[in-house]
Amino acid sequence: MIKILMQCESCRGVFEVSNSFFNGKDTPRFCTFCGKDKLIVLKENDYSRQSTIELTLDQSATLSTFLLMTTKYREGELEACRELGKELDENGNIKYPNIVANAKWWEGAISIIEEIQELL
Ligand SMILES: [Zn+2]
């Protein structure tokens, strides 16, 4: 899987898209936060190959503590995205479809972070 980290030059928002999200063709054109056409690619990662990284005990302990300290932040972001994703416009359509995608991203990220926490 290829994941691309994108940033909006207008609102500075950063988000990640995977090739399943954009069907392996073009990256999204519009910012998921402000909707503007000002996206740049920050980084592209190919996760189709497996690799291993090593951390020192100090790095591992610091990362473990940091992930623990920021748990509430991640839960808050997921909850906020879920709540905004429920809002409908006057036609009964989802008002912020990008926020629904963001909630899915947070679900995936929280699950991966929990896997990392098991390893640390
Ligand atoms: Zn933006």
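Author: Happy to! This is a predicted model.

Reader: Let's do strands, then. In which sense do E1 and E3 pair, and over how many bridges?

Author: They pair in the antiparallel sense, over 7 bridges. E1 is residues 2-8 and E3 is residues 39-46.

Reader: Nice, found it. And how many bridges join E1 to E2?

Author: There are 5 bridges there, and E1 and E2 run antiparallel. Strand E2 is residues 14-18. Across that pairing, Leu5 stands opposite Glu16 in E2.

Reader: What about the hairpin of E1 and E2, how many residues sit between the strands?

Author: The hairpin has 5 residues between the strands. One to look at is Arg12, found in the loop between E1 and E2. Its phi is near 70 degrees, a positive value in a residue other than glycine.

Reader: Good one for my backbone checks. Is Arg12 buried or exposed?

Author: Arg12 is exposed, because 11 other C-beta atoms lie within 10 Å and the cut-off for exposed is 12 or fewer.

Reader: Got it. Switching to helices: how far apart are the end C-alpha atoms of H3, and what should its residues span?

Author: The end C-alpha atoms of H3 are 34 Å apart. At 1.5 Å a residue, its 23 residues should span 33 Å, so the two values agree.

Reader: Which residues of H3 are buried?

Author: Ile99, Asn102 and Ala103 are buried in H3.

Reader: And what do the buried residues of H3 pack against?

Author: They pack against E2 and H2.

Reader: Last topic, Lys86. Where is it found?

Author: Lys86 is in the loop between helix H2 (71-85) and helix H3 (97-119).

Reader: Why does Lys86 count as partly exposed?

Author: Lys86 has 13 other C-beta atoms within 10 Å. Exposed needs 12 or fewer and buried needs 20 or more, so Lys86 falls in between.

Reader: How far is the C-alpha atom of Lys86 from that of Ser64?

Author: Those C-alpha atoms are separated by 33 Å, with the two residues 22 apart along the chain.

Terms used: Residues numbered from 1 in each chain as written. Predicted model: local features only at pLDDT ≥ 70, side-chain atom pairs only at ≥ 80, totals over all residues. Helix = DSSP H or I, 4+ residues; strand = E, 2+ residues; numbered from the N terminus. Pairing = 2+ DSSP bridges. Expected span 1.5 Å × (residues − 1). Contact = placed C-beta atoms within 7 Å.
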